[in-house]
Amino acid sequence: LGVSQDTCPQILYRLQNGILSAESRENEKLQPSIWWLIIGRNDVLTTTCSTQAILAGILQVVSTIMTERTNAVIVLNSIVPFASLTSTADAANMAAAAVLDRGMACFAAGQYGRGEFVNVTD
C-alpha cells in the first residue's frame with residue numbers, strides 16, 4: 001500500500017488514484033477484511049505539519065478506506081517509538097507521537113467494531 005518514507009498525503013494519493021480508484025484493475029483484487037495501518041511516523045519526522053494536521057491526514061486515509069471497503073476493519077498501529085530521547089527533537093517527536101496515539105485511539109473507540117487501535121509501546 002505504502003512505500004518507505006511515504007507520508008499521509010502520499011498514501012491518500014495512492015488510495016484515491018490507484019489502489020482503490022474505480023479505474024484500477026487492482027481495485028477488485030485488494031479486498032482484505034482487515035487493514036493494518038502503520039501511519040504517521042514519517043509525517044512527524046519529515047514534515048513541519050502540526051499534530052492536528054497529521055491526525056487529520058491519518059483519519060482521511062482511514063475514512064477513504066472505510067468508504068471504499070465498507071466491510072473492512074481498520075487497525076491503527078500506534079506511532080512506532082523513536083530511537084532515543086537524547087535530543088530535544090526526539091523529545092518533541094515523542095510528544096507528537098503521544099498526541100497522535102491518543103487521537104487514533106479515540107477515533108478507533110468510536111467506530112463500533114470497524115476500528116481498532118493497537119499500542120505497540122505498552
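Residues are numbered from 1 along each chain as its sequence is written, and side-chain values use heavy atoms, with hydrogens and water left out. Because the model is predicted, local features need pLDDT of at least 70 and side-chain atom pairs count only at pLDDT 80 or more, while totals for chains, interfaces and linings use all residues.

The protein has four helices and three strands, taken as DSSP runs numbered from the N terminus (helices: H or I, at least four residues; strands: E, at least two). Read from the N terminus, the order is α-β-α-α-β-α-β. Of its 122 residues, 39% count as buried, where buried means under 20% relative accessible area, exposed over 50%, and partly exposed in between (1.4 Å probe, protein chains only). Take the contacts (heavy atoms within 4.5 Å) between residues at least 6 apart in sequence: 72% of them join residues at least 24 apart.

Helix 3 covers residues 51–68, 18 residues in total, and reaches 26 Å from its first C-alpha to its last, close to the 26 Å expected at 1.5 Å a residue (the expected span is 1.5 Å times one less than the number of residues). Its buried residues include Ile54, Leu55, Ile58, Val61, Val62 and Ile65. The buried residues of helix 3 pack against helix 1, strand 1, helix 2, strand 2 (73–77), helix 4 (88–109) and strand 3 (115–118).

Then there is the largest pocket, which holds about 300 Å³ of space. On a 1 Å grid over the protein atoms alone, a pocket is an open set of points where a 1.4 Å probe fits, with protein on both sides within 12 Å along at least five of seven lines; lining residues have an atom within 4 Å of a point. Of the 21 lining residues, Asp6, Ile11, Ile38, Ile39 and Asn42 are the closest to the pocket's centre. Helix 1 (8–19), strand 1 (34–37) and helix 2 (41–46) each give two or more residues to the lining, and helix 2 has the largest share, with three.

Asp6 sits in the segment before helix 1. Asp6 counts as buried because its relative accessibility is 9%. Leaving aside neighbours within four places in sequence, Asp6 is in contact with Ile11, Arg14 and Asn42.

Technical notes:
Grid points are joined across faces, edges and corners, and a volume is the space filled by probe spheres set on the points.
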